[in-house]
Amino acid sequence: MALFKRGTAGKPGEWYYCLKHARVEEGPECRAADRMGPYGSREEAAHAMETARERNVEWENDSRWTDKGSSSS
């Protein structure tokens, strides 16, 4: 018997995208390390990977997060 149980955090009505199973889940089905979210709707969760890709492109091109815009001497 385990001394400490590993639970999944989250609540029913919250939507997540499970990276391990590549599917949308409601509430705490998989462990937090394998999820993106919570999202406000099933549809938002379904587009989690697309949203992440778009944000990554924005951040990669943001001069505040790259050396491209700074000129330190």
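Start by selecting β1 and β2: they make a hairpin with four residues between them, and in that turn Ala-22 has a positive phi of about 50 degrees. (Strands are DSSP runs of E, at least two residues, and helices are runs of H or I, at least four, numbered from the N terminus; two strands pair if DSSP finds at least two bridges between them.) This is a predicted model, where local features need pLDDT of at least 70, side-chain atom pairs count only at pLDDT 80 or more, and totals for chains, interfaces and linings use all residues. Residues are numbered from 1 along each chain as its sequence is written, and side-chain values use heavy atoms, leaving out hydrogens and water.

You're looking at an open sheet in the order β2-β1-β3. β2 (23–26) and β3 (35–39) each have a single partner strand, so one side of each lacks a neighbour in the sheet.

Next, show side chains for Arg-23, Glu-25 and Glu-29, which are linked in a network of salt bridges (a Lys or Arg side-chain nitrogen within 4 Å of an Asp or Glu carboxyl oxygen). Arg-23 meets Glu-25 at 3.0 Å, N to O, and its closest N–O approach to Glu-29 is 3.7 Å. Which of these counts as buried? Glu-25, at 0% relative accessibility; Arg-23 is partly exposed at 38%. (Buried is under 20% relative accessible area, exposed over 50%, partly exposed in between, with a 1.4 Å probe and protein chains only.)
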